[in-house]
Amino acid sequence: MYLDLAGNSFSGHVPSSLQNLAKLKYLLLKGNKFSNLTLSWIGKLAKLNLLDLTKTNLREQIPISFTNLTLLSQTLAHNQLTGPIPIWLMNLTQLTDLYLSHNNLSGTIELETFFKLRNLAFLRLSHNQLSLIPENTSNATLPELQVLELASCNLKKIPNFVLHHSKLQFLDLSHNKIRGSIPPMARNQSKEALWSNIEFVDLSSNELQGSLPIPPPSTIVYSISNNHLTGEIPHSFCALSSLYALDLSNNNLSGKLPPCLGNSSNSLTILTLQNNFHGSIPGICTNQSKLIGSIDLSNNHLQGPLPRSLASCRKLEFLHVGDNLIDDTFPSWLSTLPQLKVLVLRGNEFYGAIREFTDDCSFSKLLIIDLSQNNFSGPLPLKYIKCWDAMKVVDAPTLTYLQLNSSFQLNRYKMLRRFGFSVILTNKGIKVEYKKIQKLLAAIDLSSNNFEGDVPELIGSLVGLRFLNLSNPHGFDPIIVRKPEKPGKFGPFSKQALWGNSSNTWCAQFSQLL
């Protein structure tokens with residue numbers, strides 16, 4: 001018997017009369033809005049194999065009534081469960097899936113405790129208030145394990161049983177306190193490969209040191225950002241032909257970027273590399289890798305022009321090359337990219353007037369453009385401003401964010417992962433980091449350049465703008481604002497949203513338009 005009520009908007013209490021469904025094997029209630037959900041009755045469902053209560057407002061401790069069940073899969077994630085993980089849970093020896101992430105579970109627990117669950121394929125405990133102690137016995141393991149999520153579990157080392165696990169496909173040990181170096185992942189002549197069948201590796205936000213580990217060729221997602229890794233990117237990274245997302249940001253990596261890095265995989269979609277790299281930016285989208293949607297090369301020491309091959313990245317939504325040493329004119333040729341939403345060129349050596357690349361309307365989906373701290377000159381680009389249609393949207397029915405969504409098939413399950421964009425905007429000299437970008441966060445920063453002339457009234461048509469910075473602290477010719485014919489065009493603007501240097505004529509006059 002199968003009962004699936006998932007993904008509705010049911011509220012109130014779950015009727016205890018469900019306990020009368022003695023033959024029930026599958027019960028899915030996920031994604032509802034129950035109030036004070038209690039499960040004391042669930043122990044009566046002795047034949048229950050699968051239980052999914054994700055996002056059901058469950059607020060108690062893990063009910064002891066579960067001991068009466070023959071569960072194979074137990075999913076209680078994204079609730080408000082409290083207390084420790086009970087030891088009696090390890091008596092459910094037939095469990096294949098245990099998903100307790102995103103709760104308020106607390107306490108210290110040894111990972112060896114889970115070794116009684118010999119059939120366990122999915123173990124997901126991330127983002128609670130747990131402290132996990134790695135096992136002491138190097139030979140003990142979970143032989144069927146395929147997915148291990150232990151993010152934010154106060155781990156101080158990689159568990160021994162994880163190393164050289166032949167069936168492991170998905171590993172998330174991010175946001176822990178893991179120190180030291182990682183053994184080589186790729187297979188060599190003397191050692192067996194580490195995680196030889198791995199597809200997803202997230203070791204970000206730890207305290208890892210040493211050189212950059214090379215993941216196995218099977219890797220699809222590799223994130224090792226926010227650590228203390230040093231050295232260069234090995235050229236063997238170019239052999240990762242299945243790579244979808246690569247995030248090496250916020251380490252101490254240096255050297256030049258391998259010329260093949262942006263073209264090694266025909267599925268590469270996310271490339272994030274903020275470090276201390278120098279030299280030129282290699283060609284991207286020159287071969288098969290034309291699915292790339294996000295490129296972040298900011299905060300390096302990259303030089304030379306932007307590679308014209310970027311114009312072939314037809315899926316590109318996010319391009320951030322800020323705070324480098326790039327010497328080029330404005331890349332008008334990027335206007336051919338139909339999906340581009342965020343363009344950040346801040347803090348480089350771009351120069352010259354901004355010229356239109358085509359007679360057609362361009363950059364119509366652009367939400368954020370930051371050209372600040374360069375050497376651009378001439379008038380503001382009227383034709384581009386006229387076409388910035390995404391900045392004219394004031395409202396949306398729901399709060400959504402700019403992100404790329406991807407699903408990964410792991411045997412019986414399809415796992416969804418969201419890859420968001422982040423950006424830093426400067427407000428009155430204060431840098432504010434947006435770790436997630438709302439789809440209504442429209443922003444223009446053209447400050448600290450050599451632009452001349454009037455601020456066009458067309459800017460008044462961008463009624464969705466939340467940020468506008470036209471300040472010029474270097475004392476170049478001031479930009480004069482003319483009062484628009486129709487007051488109130490600036491929609492959601494507040495006086496705090498418009499900023500600049502008080503010595504510029506436009507600042508005082510701009511406030512009169514509000």
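Modeller: Gladly! Let's begin with pairing: two strands pair if DSSP finds at least two bridges between them. Keep in mind that this is a predicted model. Here, strand 7 and strand 9 (residues 104-110) run parallel and are joined by two bridges.

Biologist: Which residue of strand 9 stands opposite Gly83?

Modeller: Leu105 in strand 9 is the residue facing Gly83.

Biologist: What is the strand order in the open sheet of three strands?

Modeller: The order is 7-9-11, and the pairing is parallel. At the edges are strand 7 (82-83) and strand 11 (129-133), each of which pairs on one side only.

Biologist: Now the loops. What is the phi of Asn299?

Modeller: Asn299 has a phi near 60°, which is a positive value in a residue other than glycine. You will find Asn299 in the loop that links strand 23 (294-296) with strand 24 (301-304).

Biologist: Why does Asn299 count as partly exposed?

Modeller: Partly exposed lies between buried, under 20% relative accessible area, and exposed, over 50%. Asn299 has 42% relative accessibility, so it counts as partly exposed.

Biologist: Let me try another loop. Where is Gln373?

Modeller: Gln373 sits in the loop between strand 29 (368-370) and strand 30 (375-378). Although Gln373 is not a glycine, its phi is positive, about 60°.

Biologist: And what is the relative accessible area of Gln373?

Modeller: It is 40%, so Gln373 is partly exposed.

Notes. Residues numbered from 1 in each chain as written. Predicted model: local features only at pLDDT ≥ 70, side-chain atom pairs only at ≥ 80, totals over all residues. Heavy atoms only, no water. Helix = DSSP H or I, 4+ residues; strand = E, 2+ residues; numbered from the N terminus. Buried < 20%, exposed > 50% of the residue type's maximum accessible area, 1.4 Å probe, protein only.
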